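Here are some notes to read beside the structure, taken point by point. Please keep the sequence at hand while you go through them.

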Amino acid sequence: MTKTVVVVGAGLAGIHVAQQLADLGMRVHLIEKEATVGGLATHLGKVFPTDDCALCLDACKELHDDKHRRCQYRSLLGTQKGLTLHSLTDVRSIKKNGGKFSVSLRTQPRFISPDRCVVCLECINVCDVEVPDERNLGRSKRKAIYRPVPQGVPLIPVIDIESCTKCGKCVDVCGVDAIDLEQKPKNRTINADAVIIATGVEELAPSMLPGYAYGVCEDVLTQRELARLLDTTGPTNGSVLTASMKPVESVTMILCAGSRDLNAVEYCSQACCTYSLKHAIMLRNFGINVTICYMDLRVPLHSQHYLTLARDLGVRFVRGKPDQVTVQGDSPVTIVEDTESRKRIEIESDLVVLASPLVSLSSEKKEFTVTLDEYGFFSRQGSRERIYACGTSTGPTDIPNSVAEANSVALQVYLDLQGGA
Amino acid sequence: MKKLFLCTCNNTLNRILDFPKIEKEMAKSFDAIETLDSLCLEDGLSTLRQRISDDDQVAIGACSSQIIEIPVKQRISNDFISFVPLREHVAWVHPADIKSATNKAIVLLADAAAQLNHMEPPTEFKENMVERVLVIGGGIAGLKAASDLNNLKVGLTLLEPPGQNDDKYYERSLFMSDNETLVQEIKALCKSLLGVERVQGSVQEVDGQMGSYEVTWIDPEGNLTTQDYGTIIVATGNQQFLPSIAKKCRYGKSKRVLTVESLVAASGKRDVHESSTILVVTDPDIEMSSVEGSHLLRSTAFLARLGNTVFVSYSDIRTEDENLYRNARNAGVIFVRGKVTQIKEKDHGLICRIENTLESIVREVTVDTIAVSQIVGPVSDTARLALTLGVECDENGFIKIRYNKMKPVQTSRRGIFVAGGAKTPMSLSHALISAQNAVLEAFKIVRSPLKRFGWIPVIDDESCDVCKACITACPNDALRLIDEKVVHIPVHCEFCGICVSSCPTRAIEFQSHNKESWFDRLETIAKTHRQLERNKPFTLVYACSECANASIDQAGFAGKSYPTGTYVIQFPCAGMVSPIEILKGLVVGAERVIVAHCPPGGCHHQKGDHLSELVVHLTKDMLREIGQDPDRVRATYMIAAMPEKMQKEVGLHG
Amino acid sequence: MDKRERLIQKIQNIAVKTPTQILEVPEKVEGFGSISYRPPSCSACMKCIEACEVEALELEPLVRLPEYLNVVIPEEGFRSKNRESLISLLQSLKQNGETQTISVPTGLPGYGSISWSAQKCIACNKCVEACKEDCLSLEKTYDLVSVIGEVEPPPVIEVPDWEPFIICFVCWECSHSAADLAGLMHLHYPTNIRTVRVPCSGAVEPIQIMTALENGVDGVLVTGCLLSECHYGGDDPLAGNFMQADFVRFWQSMLEEIGLGGRLYIDFASAAMGIKFAEIVTEFVEKIKKLGPSPVRGKLEVKS
């Protein structure tokens, strides 16, 4: 009998574990709360260790016999046999039901029917409501009906009903009657034999760390926000500009801005040293001066070349943890004690970028019955209880580890459910 | 019959493209033409199915093949279909100039018609699949892989090095985790292996291909055994070595100098408070992995807790667990940043000089014992084993994987996987995960029939000089020399076509993509363009069907327009492009030829991007010498995350 | 060091003048020749290199564009369709101006140009046979100029009371009997010769001739049976004395080029021709007297 699995979260780990289980013949429901899949990766443009698209995925068997990787755009996730993608869907509760789970889902309306939409994008063309694009730091505009991620799957647009004026222009122009502005949320319950949590992480809002002037000065950003600026599909088409649209000439990066800090987040967020270096290299290639204030440089063996290249390109390294960022005039100023020269220095720059800690996505915690560790992350194995977790849900880590963990969980689920079938 | 199906995409494309004109022009090349409004929806697909018979040649002018190919191929089973992305490559990027955009559509459709003339039926082949896996063990990952395969009821052989016993597993792995966890895990794994075929020996020879690897090994008594396996998992692990700094520390010369492991083993035996002074030395010239770092922190914390005074000289200590740092510090371990430059042995102890060049500090400590921290490297047999298996190693001697981000266990040879420490130093939990990855891949392969279906390279033995350039160039071990002839191994083939460009005589041609087809298509494009656009210059873009094509599609989604005289020709891999396709493009009249490939190091076929750069380099040199402008040819990478690339390369004004 | 290397070494040792001509190789002379290479159809398959047992061929990462552009593609085309297309496309695109050879980017397979070493080649023809594209052919010429290179003439030395010292290789059959006969007949002929008996004049190896000259011998004489009367080959064109005649012609042209012209001679006499033998020797000694001491003596002086 075919087993059913629910995977919560369609980030890189979630997608991989879902594809693997579908390849192994299981019935998989992939749940994603956003309108498109991909999670944190879709904000990042190019990623380490390979400096290629964050959207890249391993192939599923159906499409290409395991051979060629396919980015999310090319993967047509959701048309794979055995895999159903539920976007705009939240998990409301997971209840134990005999040996199975009763997973209660709530799907927010997209207002556009996937069965009818041909992605001609006319609806977007005719909409005249423009609102700040939150994905792009609010610095560019999007329509009320929009495609949140250019390469995102599903390809179908979504309507932000809060901003929508219900003028009906999109409905009129749609030749296939795919738009229904009155669509209501839908509830659904799935009986699953196992649940896999892959909800991922987010950057801690640095406003929790008042010393760094985040939220006070608009030119203090997080690394994820810098990634948006550097992404050519971002608010400035890949140019690095201040909030007042001036070209940036110097950037100060603060690593461990909140991580390894007994007052904030105790653990090391693992991936931020390397993606900060990745961004530093991109900035240097634009001719922008970069200073990195660090305590340690935790770069995994497979990404050593980022550190070497950053040094070769002339990134300035200051060993010390800044105690604060102040604003002088228009620019942020970083105050740090350089432990090597034993001097207290003030670094003025156009931008300050904080490597914010990666924390477990908070909203998920209440719904699930598994144990979380002291930091809010899920423990890896739940074999007895048939609840599993993979990817950054079990702790911040880089993409290679997330994918490896997802594959390993897929095998474990298969072993537990099918045994030696 | 040759049939063309056009889609207006919900009546949006016909606002930019003149469909009646397209239909009229295409009547010369197609026997039947039909225009639909929504090809991708149920009605459209059923119409398609009704209109097409099995032996028709079909061209589809609609949205990108990335979107429309799957639903179409689910409905019709024709071998000969060609897709023209009128939406992403024409309408969405040339909204302003209706006449030119229509002309471009006509050119691309004429190209599709020419392409159909050269299409051949794909080759179908079925290969033998032996449902047995060979696990070459010696490390923890090998035990785990064998255990999981056993639970999956897959036949397997666990081949362990001669003299291996369960204690040896512990010995070799003691840096991977703390003591207790390690012992428990090994015990549990060994217990789970009841019933598994465990033999001792060393691999001598490997023949065959994925699905039927013929492996010969020699056992400690000298007997040879040969058996067939569908896939192989290499889990030979790694081991510790003395770093070069050990010599300077008088290791081997002084009784007071040991390795950290021997010191730890000798300590804590009695319940006595120990009070010696120990300097733990790490080699600052070698990058320490987090596995070695964690082990160092655990060992030094242990020694300090026994009452010893422990110094550690280091340059950078990596670990995955922050708490190990804190524990060591709390236990009293003193971390001294710097490099040991001198050791003087006196009666009362060893005087050690530690220099920190960064901060210009020199410290001297006098200690009773020096413990040298070992480094982790591949097991010494790895190079020989890799050669026997035909897999590549990286510069540190570990077994290399194909793609760092998403293929954690796939080696350079199909069907052979690497798990655990044989790939890189790994902690216990990562080694177990790695083993499961390998098992998953091996399992998926042995449990599916090995049927392949696609266009393959065909070798003409008459023109083949047996120079073996194709064999060397193939990234997948899909071409081999057997009985003095070059033979294609379909199960390993990834259909990239790199072999074609590497062949100096063109003795190897890819089905449906032979030289005649490229020449015919280029001539058709040029001729049609000139008929419609007269003397307007045009650019040819040879795009790989992986990243580059995705990027060009995304240019459409993002509305990044570029000039109309730009025609994209898809190659399976940019590595298939050879100088003659480029030169032909110029000879038929293109002003420029751009070769677009995957990003550096990210080629889906390993080396196509690099090869295409070399080909373009050579072609530019040739052009320069014969008096042509070398900038008429360019190579570049394109990725979906950068949809503006096409606009940047082709320029806003052509 | 193998035999060919030793021979070339000796020839280089005895050279006292910079050679300027390419030598013609007589028909019967084996083991010396020149390989001519036609780049246009070459597919860099390396079969010639694999076939060569003396490592006289190497693959250089070069593309010989000038040759590609000048070649006329024959009606039946090249065996390599790829090369044919490449060349015809390049020829269509060619503009006016000079073309140079270009280098192949490292790591790009399938391109290259063969370079051949005159010094190592033993003209065995194996490379020519191995080439499927018909790029190589063996010519009967010898590139002495590149083998020897520049030669610094040794100092001219005065030899007080010089008498020519000549080695004479006599064949065991006829010529040594002739020599004996001359002795028996009490014919006077100069005492400057020392004879070395060999089974057949054809058995005299180049390395023996060169060794003699290398040691400062002023002249080398080879005598054999009358042509068509070789005791081993008779009138077979491959008979020892026929072969040696061609070889000696070759060495004579070579010695001429390297400054030792006239110091090697071959002649034939039957066993009964004692007088002829004496005449041969006498005439040769006269020639040598006119030429003077071997310039190689100057080199030997320098050495000691």
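1. In this predicted model, the largest nonpolar core has 166 residues, and Leu540(B) and Tyr542(B) are the members that touch the most others. A nonpolar core here is a set of buried Ala, Val, Leu, Ile, Met, Phe, Trp, Tyr and Cys residues joined through side-chain atoms within 4.5 Å, where buried means under 20% relative accessible area with a 1.4 Å probe, protein chains only. Helix 5 of chain B (residues 98-117) gives this core its largest share, 10 residues; helices are DSSP runs of H or I with at least four residues, strands are runs of E with at least two, and both are numbered from the N terminus.

2. Beyond its neighbours within four places in sequence, Leu540(B) is in contact (heavy atoms within 4.5 Å) with several residues, including Leu522(B), Ile525(B), Tyr567(B) and Ile569(B). Another core, of 108 residues, lies apart from the largest one, and among its members are Ala18(A), Tyr169(B), Tyr229(B) and Leu389(B).

3. Where chain A meets chain B, 80 residues of chain A are in contact with 73 residues of chain B. The buried area, which is the accessible area (1.4 Å probe) that two parts lose on being put together, summed over both, is about 6,600 Å² for this pair, and carbon and sulfur atoms give 53% of that.

4. Between chain A and chain B there are 5 salt bridges, each defined as a side-chain nitrogen of Lys or Arg within 4 Å of a carboxyl oxygen of Asp or Glu. Asp52(A) pairs in this way with Lys405(B), with 3.0 Å between the closest N and O atoms. On the side of chain A that touches chain B, helix 9 of chain A gives the most, with 13 residues.

5. Turning to the other interface, 36 residues of chain C are in contact with 33 residues of chain B, and the area buried between these chains is about 2,900 Å², with 66% from carbon and sulfur atoms. Asn82(C), Leu89(C) and Leu93(C) supply 22% of the area that chain C buries against chain B, more than any other three residues.

6. Chain C and chain B share 1 salt bridge, and the side chains of Asp465(B) and Arg79(C) meet in a salt bridge at 2.6 Å, N to O. Helix 4 of chain C provides 9 residues, the largest share of the side of chain C that touches chain B.

7. Residues are numbered from 1 along each chain as its sequence is written, while chains are lettered from A and ligands numbered from 1 in the order in which they are written. Local features need pLDDT of at least 70 and side-chain atom pairs count only at pLDDT 80 or more, whereas totals for chains, interfaces and linings use all residues, and side-chain values use heavy atoms, with hydrogens and water left out.

How values were computed
Buried < 20%, exposed > 50% of the residue type's maximum accessible area, 1.4 Å probe, protein only.
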